[in-house]
Amino acid sequence: MPNRKESRGHRCPVAAFQKLISGKYKLRIMWDLKDGPRRYGEIRSGLLRGLAGSAEIAPRVLSRELKALAASGLIERKDFGTVPPKVEYRLTRKGQSFIPVVDAIRGWSAGHLARETEELAA
């Protein structure tokens, strides 16, 4: 039986959050943008940093993730209208308010991954 609130058009906040950040690279893109604006190439190289043995991110995939983040209002895209093209991405106010959430996820993950590594080594 459906929840009465859901039947009135209200969505589950967890499901809405999950949809907002779904995708392999969105959280990492946002984390890289926390320190200021980045150009496409800087974002791309940031995603490859620290991933031993990972394949390069396809330009189409990165573009799709950036467009989705912009459509959700978490980042903004600034096109300088120059040749060669210069485009920067930066967090919006909404995106900046999300960084503590990403930091909490990062902290939780670091603590649990460290524990798992210690348990495997023992």
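# Ring contacts and helix packing in a predicted model

The charged end of lysine 34 sits over the ring of tryptophan 31, at 4.5 Å from the ring centre. The criterion is NZ of Lys or CZ of Arg within 6 Å of the ring centre and within 35 degrees of the ring normal. A corresponding arrangement involves lysine 86, which lies over the face of phenylalanine 80, 4.5 Å from the centre of that ring.

The model is predicted: local features need pLDDT of at least 70 and side-chain atom pairs pLDDT 80 or more, whereas totals for chains, interfaces and linings use all residues. Residues are numbered from 1 along each chain as its sequence is written, and side-chain values use heavy atoms, without hydrogens and water.

**Overall organisation**

The chain contains 6 helices and 3 strands, taken as DSSP runs of at least four residues (H or I) and at least two (E), respectively. Read from the N terminus, the order of elements is α-α-α-β-α-α-β-β-α. Of the 122 residues, 23% count as buried. Among the contacts (heavy atoms within 4.5 Å) with a separation of 6 or more, 45% are between residues 24 or more positions apart.

**The aromatic pair**

Across the whole structure, the search finds 1 aromatic pair. The ring centres of phenylalanine 17 and phenylalanine 98 are 5.6 Å apart and the planes stand at 50°, so the pair is classed as tilted. Pairing requires centres within 6.5 Å; planes under 30 degrees apart are stacked, over 60 edge-to-face, and the rest tilted. Phenylalanine 17 belongs to helix H2 (residues 13-21) and phenylalanine 98 to helix H6 (residues 93-121), so that the pair links parts of the chain 81 residues apart.

**Accessibility of selected residues**

Buried denotes under 20% relative accessible area, exposed over 50%, and partly exposed the range in between (1.4 Å probe, protein chains only).

| Residue | Relative accessibility | Class |
|---|---|---|
| Phenylalanine 17 | 31% | partly exposed |
| Phenylalanine 98 | 8% | buried |
| Serine 22 | 37% | partly exposed |
| Serine 72 | 18% | buried |

Serine 22 is located in the loop between H2 and helix H3 (26-33). Its C-alpha atom is separated by 9.3 Å from that of glutamate 65, 43 residues away along the chain. Serine 72 occupies the loop between H5 and strand E2 (75-79). Apart from neighbours within four places in sequence, serine 72 is in contact with Leu20 and Lys94.

**Packing against helix H5**

Helix H4 (residues 40-48) packs on helix H5 (residues 59-71) at an angle of about 110°, and their axes are 11 Å apart. H4 is thus roughly perpendicular to H5. On the H4 side the contact comprises Tyr40, Ile43, Arg44 and Leu47, which meet Pro59, Leu62, Ser63 and Leu66 of H5.

H3 also packs with H5, here at an angle of about 70° with the axes 10 Å apart. These two helices are likewise roughly perpendicular to each other. Lys26, Ile29 and Met30 of H3 make this contact with Leu62, Glu65, Leu66, Ala68 and Leu69 of H5.

Axes are lines fitted to C-alpha atoms over the stretch in contact, with angles from 0 to 180 degrees between N-to-C directions. Under 35 degrees is roughly parallel, over 145 roughly antiparallel, 65 to 115 roughly perpendicular, and the rest oblique.

**A cis peptide bond**

Valine 83 and proline 84 are joined by a cis peptide bond, with omega of about -5°. Proline 84 is placed in the loop between E2 and strand E3 (87-91). Most peptide bonds are trans.

How values were computed:
Phe/Tyr/Trp six-rings, centres within 6.5 Å; stacked < 30°, edge-to-face > 60°.
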